[in-house]
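Here is a short note for someone opening this model for the first time. The points below can be read beside the sequence and the coordinates.

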Amino acid sequence: EDIFLILKEENGNRKFYMGINYKGREWLYMSSVEFIGDDKLFIDFFDYKTFNPIWKDNTTLNMKVEEKILFPLDEKHLEVLEKIIKQKNVKVVLRSDYDDRLHMRTLGENESIRMQEIFELHKKLKEEKERTEDGN
């Protein structure tokens, strides 16, 4: 399983996304992700009324299943996400949309490093855009 950030340019605007690739023995039908460290961040990314994920795919593998989802990150999540990805031993909880099933694990060091790098790039590009718009 993998958790990652993507920074994408669309029509002159930068969009920030989080992707999750879950593999397991049974379907989870992911509905949310929770990061638990010194701070806590809960993202309900599958609210049927207000949000459709950019990309969602379910695949049956040899004796396993794989679920993938990509969803936009709201500005309100970014401050806490930045703190969390800098911490060690962050727990990740993926919750099911249909029942009380969940999948819990620790965020990997390589995942955290990659997420920090993309997050820092996002901040740098945002600051440059703000300076350009301000004329500095």
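1. Salt bridges. The count of salt bridges comes to 14, where a salt bridge is a side-chain nitrogen of Lys or Arg within 4 Å of a carboxyl oxygen of Asp or Glu. The model is a predicted one, so local features need pLDDT of at least 70 and side-chain atom pairs count only at pLDDT 80 or more, while totals for chains, interfaces and linings use all residues. Residues are numbered from 1 along each chain as its sequence is written, and side-chain values use heavy atoms, with hydrogens and water left out.

2. Overall layout. The protein has 2 helices and 8 strands; helices (H or I, at least four residues) and strands (E, at least two) are DSSP runs, numbered from the N terminus. Read from the N terminus, the order of elements is β-β-β-β-β-β-α-β-β-α. Of its 136 residues, 38% count as buried. Buried means under 20% relative accessible area, exposed means over 50%, and partly exposed lies in between (1.4 Å probe, protein chains only).

3. Lys-123 and Glu-82 form a salt bridge, with their closest N and O atoms 2.6 Å apart. Lys-123 lies in helix H2 and Glu-82 in helix H1 (residues 75-85), so this pair ties together parts that are 41 residues apart in sequence. Lys-123 counts as partly exposed because its relative accessibility is 26%, and Glu-82 counts as buried at 17%. Salt bridges with shared partners join Glu-82, Lys-86, Glu-120 and Lys-123 into one network.

4. Two further bridges. Is Glu-34 buried or exposed? Its relative accessibility is 5%, so Glu-34 counts as buried. The side chain of Glu-34 meets that of Lys-40 in a salt bridge of 3.1 Å, N to O, and Lys-40 counts as exposed at 55% relative accessibility. Arg-14 and Glu-9 also meet through their side chains in a salt bridge, here at 3.7 Å, N to O. Arg-14 is partly exposed at 37% relative accessibility, and Glu-9 is partly exposed with a relative accessible area of 48%.

5. The structure holds 3 aromatic pairs. Rings of Phe, Tyr and Trp (its six-membered ring) pair if their centres lie within 6.5 Å; planes under 30 degrees apart count as stacked, over 60 as edge-to-face and the rest as tilted. One of the pairs is Phe-16 with Phe-119, which is edge-to-face at 5.7 Å centre to centre and 65 degrees between the planes. Phe-16 belongs to strand S2 (residues 13-24) and Phe-119 to helix H2, so the pair ties together parts that are 103 residues apart in sequence. Both Phe-16 and Phe-119 are buried.

6. Tyr-29 and its partners. The ring centres of Tyr-29 and Tyr-98 are 4.9 Å apart and the planes stand at 90 degrees, so this pair is edge-to-face. Tyr-29 sits in the loop between S2 and strand S3 (30-36) and Tyr-98 in the loop between strand S7 (91-96) and strand S8 (102-106), and the pair links these distant parts of the chain, 69 residues apart. Tyr-29 is partly exposed at 28% relative accessibility, whereas Tyr-98 is exposed at 57%. Ring pairs link Trp-27, Tyr-29 and Tyr-98 into a cluster.

7. Most residues other than glycine have a negative phi. Which phi does Tyr-29 have? Tyr-29 has a positive phi of about 55 degrees although it is not a glycine. Asn-89 also has a positive value, with phi near 60 degrees. Asn-89 is found in the loop between H1 and S7 and counts as exposed because its relative accessibility is 63%.

8. A negative patch. Which residues form the negative surface patch? They are Glu-127, Glu-128, Glu-130, Glu-133 and Asp-134. A patch is made of residues with over 30% relative accessible area and no salt bridge, like charges being joined within 9 Å and nonpolar side chains (Val, Leu, Ile, Met, Phe, Trp, Tyr) within 5 Å. Asp and Glu count as negative, Lys and Arg as positive, and His and the chain ends are not counted. Glu-127 is found in helix H2 (residues 109-134) and counts as partly exposed at 42% relative accessibility.

Definitions and conventions: Accessible areas come from the Shrake-Rupley method with a 1.4 Å probe; for residues, only the protein chains shown count as cover. The place of a charge is taken as NZ of Lys, CZ of Arg, CG of Asp or CD of Glu.
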